Structure formats: structure tokens, C-alpha cells
Amino acid sequence: MNELNYKELLRSKEEKRILTGRITGIEDEYYKLKNEKIPCAIVWYGDFKILIPVTHLGTIKKTKQVLRGMLGSEVDFIIMEIDESSNIGIASRTDAMKLRAEIELPKLKTNDNIKVRIIAVGIKHII
């Protein structure tokens, strides 16, 4: 286990710090509270496997099809839970987007150029 990566993940959880990573896969993860499987985006952060449930991605549709469109995209996330023994973390992109909006939106003025990150392209929309 990489101690630096673990400390960054722990800091993200405790201090609500935003981390960034690339979505490299999709996995159905068993969700114990609802007794069902839920699609998750997989982001590797060093040797930690970070799962971002589709319910925490901040997309309108909550399907695997949306996740497939996001493969290879760089996303921001905040850690919600860490299991140090299995090197797995659960994260939320929604929380990271809310925090980013709170920090960045007040700085904007009329006619400012804004850089955006396109993470998925669909037939009728762009995320």
C-alpha cells in the first residue's frame, strides 16, 4: 500500500478535499443497504480502487450506458468511505461538483472565458 495515496484519500474524506482521476472501468457492486447491485465507475488512485456509484456521478440518467460514455474521462471526486484492508474506496463526484461550484462560481464575472472538461458525449447531449 502506498502511504502517500492513502493519506490523500483520508484527507479527502476528512477535509472534503477534491481528488482527480480517470475512469478506467465499470463494475456492478453489491449494495448491502438496498440489497441490490449498483453500477459503479472505477478510478484507480495509485493502488487504491475507487468506486463511484452511478447515483453519485451527477448525471441525469443512472445507467451503465452513461458510464460507458464516460470511460476514459477525467473526473473530480471526494472520498466517502475507505476500506484500508482491501484498498477500496467509495467516492462521490456529486459532492466534488457541489464544492467546486461553491468555490469557482462566485469568482466569475460577465464575459469571462470558462474552461470546461467534457467527460461524455451522447447522441443528444454532452456532459
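**Group meeting: core, rings, salt bridges and a surface patch**

Lys16 sits in the loop that runs between α1 and β1. The phi of Lys16 is near 55°, a positive value in a residue that is not glycine. Lys16 is partly exposed, with a relative accessible area of 47%. For that wording, buried means under 20% relative accessible area, exposed means over 50%, and partly exposed is in between, with a 1.4 Å probe and protein chains only.

Before I go on, how to read this. This is a predicted model, in which local features need pLDDT of at least 70 and side-chain atom pairs count only at pLDDT 80 or more, while totals for chains, interfaces and linings use all residues. Residues are numbered from 1 along each chain as its sequence is written, and side-chain values use heavy atoms, with hydrogens and water left out.

There is another positive phi to mention. Asn87 has a phi of about 55° and is not a glycine either. Asn87 is in the loop between β4 and β5 (88–92). Asn87 is buried, at 17% relative accessible area.

Now the core. In soluble globular proteins, nonpolar side chains tend to be buried together. A nonpolar core here is a set of buried Ala, Val, Leu, Ile, Met, Phe, Trp, Tyr and Cys residues joined through side-chain atoms within 4.5 Å. The largest one has 26 residues, and the members that touch the most others are Leu9, Ile50, Ile52, Met70, Phe77 and Ile79. Two or more residues come from each of α1 (3–15), β1 (19–31), β2 (36–45), β3 (48–53), α2 (64–70) and β4 (74–83). Strand β2 gives the largest share, 6 residues.

Take Leu9 as an example. Which residues does Leu9 touch, leaving out those up to four places away in sequence? They are Leu19, Tyr45, Phe48, Ile50, Ile79 and Ile82, where contact means heavy atoms within 4.5 Å.

Next, the rings. The structure holds 2 aromatic pairs. Rings of Phe, Tyr and Trp (its six-membered ring) pair if their centres lie within 6.5 Å; planes under 30 degrees apart are stacked, over 60 edge-to-face, and the rest tilted. Tyr6 and Phe48 make a stacked pair, 5.9 Å from centre to centre with 25° between the planes. Tyr6 is in helix α1 and Phe48 in strand β3, so this pair ties together parts 42 residues apart in sequence. Tyr6 is buried at 14% relative accessible area, and Phe48 is buried at 0%.

The rings of Tyr45 and Phe77 have centres 6.2 Å apart and planes at 90°, so that pair is edge-to-face. Tyr45 belongs to strand β2 and Phe77 to strand β4, so the parts tied together are 32 residues apart in sequence. Both partners are buried: Tyr45 at 14% relative accessibility and Phe77 at 0%.

On to charges. Side chains of opposite charge can pair when their charged atoms come close. A salt bridge means a side-chain nitrogen of Lys or Arg within 4 Å of a carboxyl oxygen of Asp or Glu. By that rule there are 6 salt bridges, and I will go through some of them.

Glu81 and Lys13 meet in a salt bridge at 4.0 Å, N to O. This pair links distant parts of the chain, Glu81 in strand β4 and Lys13 in helix α1, 68 residues apart. Glu81 is partly exposed at 48%, and Lys13 is partly exposed at 30%.

Lys49 forms a salt bridge with Glu27, with the closest N and O atoms 2.7 Å apart. Lys49 is in strand β3 and Glu27 in strand β1, 22 residues apart. Lys49 is buried at 16% relative accessible area, whereas Glu27 is partly exposed at 24%.

Arg100 and Asp76 also meet in a salt bridge, at 2.9 Å, N to O. Arg100 lies in helix α3 and Asp76 in strand β4, so the pair ties together parts 24 residues apart in sequence. Arg100 is partly exposed at 33%; Asp76 is buried at 12%.

Last, the surface. Leu105, Leu108, Ile114, Val116, Ile118, Val121 and Ile126 form a nonpolar patch with about 740 Å² of accessible area together. Patches are made of residues with over 30% relative accessible area and no salt bridge, with like charges joined within 9 Å and nonpolar side chains (Val, Leu, Ile, Met, Phe, Trp, Tyr) within 5 Å. Areas come from the Shrake-Rupley method with a 1.4 Å probe, and for residues only the protein chains shown count as cover. Val121 is in the segment after α3 (93–104). Val121 counts as exposed, at 62% relative accessibility.

Conventions:
Helix = DSSP H or I, 4+ residues; strand = E, 2+ residues; numbered from the N terminus.
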